[in-house]
Amino acid sequence: MPTELTDFIYSSPMCSTHEHTEYEHYYCASKPDVLTQLFDNYVVHDLRSAGAPEEKLGALIDPPSGDVGNRFQDIQPHWNNIQHSGYAEAVTLTAMQLFGIDELTPDSVATAQHCNPYPGKEGERLAILKDVAGLDHVQIDTNSRPLPLEMIGQDFFLYDLNMFDFAAGNPDFNQIESQLGEKIESLEALEAAIGTLFAISSNYAVAVKTQHAYARTLKWSPRSNEEAALALQNVRQARSGASDADRLCLGDWCLSRIAEQCAAHNLPWKIHTGYFAKNNFMPTDNLRAGNLDGLIRANPRTRFVLMHIAYPYSDEMIALAKHYANVSVDMCWAWSINPLHASDFLRRYMHAAPKNKLFIFGGDAHLPAASVGYSQQCRNWFRRTLQKEMSEGFLIEKQAIELARFFMVGNPYDYYDLTSKKGILREATTKTVEERGHGRAFGFPPKGIRDSGKA
């Protein structure tokens, strides 16, 4: 039965605090078909776990591979085995919202393809995210630098400054030197480069992002300049053959510098925790949020945003947010990984930690079509969660609506100072950016976000 809470949740805009939305140029060039829009997202990992052959998965999301009905039929037995998973639920929601598909079958996808309204047209990306998914804006991690020129002069596509390579102890020297025009041959030069990247980017970036758990442990130790200088020389000389010890040492030193710069420029630092994307690689000791305690404690002026609720170690995340004034939690990706767990997490969090330390949605997707399903999925489970709180007597409907408004829009706007940040971006032009000495922060990306080579 419709309620005021239901009406509010489904009609209100919602902030997405984490996406990997593909650049306009590369999105349009990809010419996605219906199967690409539906399946080119995390669901392929569940299909792979269910036993789908690699060649069939590749064909599934590759438009030139033939008839959409045949391509779907090839993976349908595996689709049937995952239909109750969170990833599959989001695909089903996208199918209904974008293409009017009640049940995914070879015939239904063929019919949808015949009148596909989303073939990769210019402006389609924004229309899907804003008008269909109902998002206020998206905060995008490009997995690379520099920042894209397309962010200048608009206020919907916001971007993070990605510092993954530094945090992993494997700085992309060629990219850094090309962007800044300076050789990085000493620790002093590396520290100056980090400072320059922040100085030229911080006005425009909404946050900093690292996903270094994919390359190393989240545990951190303080490192002396002498240790780090030696590690830098070893990493520069050996490149991909550098030892784990040297990369860990240099990465720890860089993490300290990143934390200092985040504090100096008042940029929140988003850090991947918990579950890994893709398949067949899950070093669980690396990804526990509790491993970040030392780094957090050593940098009390840095605002940390710990992402993905550290699934499946979510109680550690709640404990950190409850304990530390400078730790917040982002539920991005969590609703699709395991929506039941995410719903339970939200209730546990609400009864343990301050509400202004929590962000409830980020689709974490390349294609805007996937963000449609993830947004709808979040709204569905968010409503169920608040209704359960109401049914058990913890909230009345007025309180639930106020919480929904706070979590969907109010808290992200306050924490990320979005009114100011959006104003800066709207008013920026390539001319004013150059006049302020920030031109090196921007460039045309030589490849798409999905091809960045990072998780």
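Biologist: Is Glu177 buried or exposed?
Modeller: Glu177 counts as buried because its relative accessibility is 12%; buried means under 20% relative accessible area, exposed means over 50%, and partly exposed lies in between (1.4 Å probe, protein chains only). The model is predicted, so local features need pLDDT of at least 70 and side-chain atom pairs count only at pLDDT 80 or more, while totals for chains, interfaces and linings use all residues. Residues are numbered from 1 along each chain as its sequence is written, and side-chain values use heavy atoms, with hydrogens and water left out.

Biologist: Which residue forms a salt bridge with Glu177?
Modeller: The partner of Glu177 is Lys183, and their closest N and O atoms are 3.5 Å apart. A salt bridge here is a side-chain nitrogen of Lys or Arg within 4 Å of a carboxyl oxygen of Asp or Glu. Lys183 is exposed because its relative accessible area is 52%.

Biologist: How many salt bridges are there in the whole structure?
Modeller: The search finds 25 salt bridges. One of them joins Asp74 to Lys56, with 3.6 Å between the closest N and O atoms. That pair links distant parts of the chain, 18 residues apart: Asp74 is in helix H6 (residues 68-82) and Lys56 is in helix H5. Helices are DSSP runs of H or I with at least four residues, numbered from the N terminus.

Biologist: Why does Asp74 count as partly exposed?
Modeller: Asp74 is placed in that class because its relative accessibility is 38%. Lys56 is also partly exposed, at 30%.

Biologist: And where do Asp244 and Arg247 lie?
Modeller: Both are in helix H14, three residues apart, which is about one turn of the helix. Asp244 forms a salt bridge with Arg247, and the closest N and O atoms are 2.4 Å apart. Asp244 counts as exposed at 57% relative accessibility, whereas Arg247 counts as buried at 18%. Elsewhere, salt bridges that share partners join Glu24, Arg125 and Glu150 into one network.

Biologist: What is Ile258 in contact with?
Modeller: Leaving aside neighbours within four places in sequence, Ile258 is in contact (heavy atoms within 4.5 Å) with Met163, Phe166, Ala167, Phe198, Val208 and Trp269. Ile258 belongs to helix H14 (residues 244-265), and at 0% relative accessibility Ile258 counts as buried.

Biologist: Changing topic, what volume does the largest pocket have?
Modeller: Its volume is about 600 Å³. A pocket is an open set of points on a 1 Å grid over the protein atoms alone, where a 1.4 Å probe fits, with protein on both sides within 12 Å along at least five of seven lines; lining residues have an atom within 4 Å of a point. Volume is the space filled by probe spheres set on the points, which are joined across faces, edges and corners.

Biologist: Which residues lie nearest its centre?
Modeller: Of the 31 residues lining the largest pocket, Tyr42, His45, Ala277, Lys278 and His366 lie nearest the centre. Helix H4 (43-49) and helix H5 (54-60) are the elements that give two or more residues to this lining.

Biologist: What about the second largest pocket: which residues are closest to its centre?
Modeller: The second largest pocket has a volume of about 370 Å³. Among its 20 lining residues, Ser144, Arg145, Asp172, Gln175 and Lys447 are the closest to the centre. Helix H10 (164-167) and helix H11 (173-180) each supply at least two lining residues, and H11 gives the largest share, three residues.
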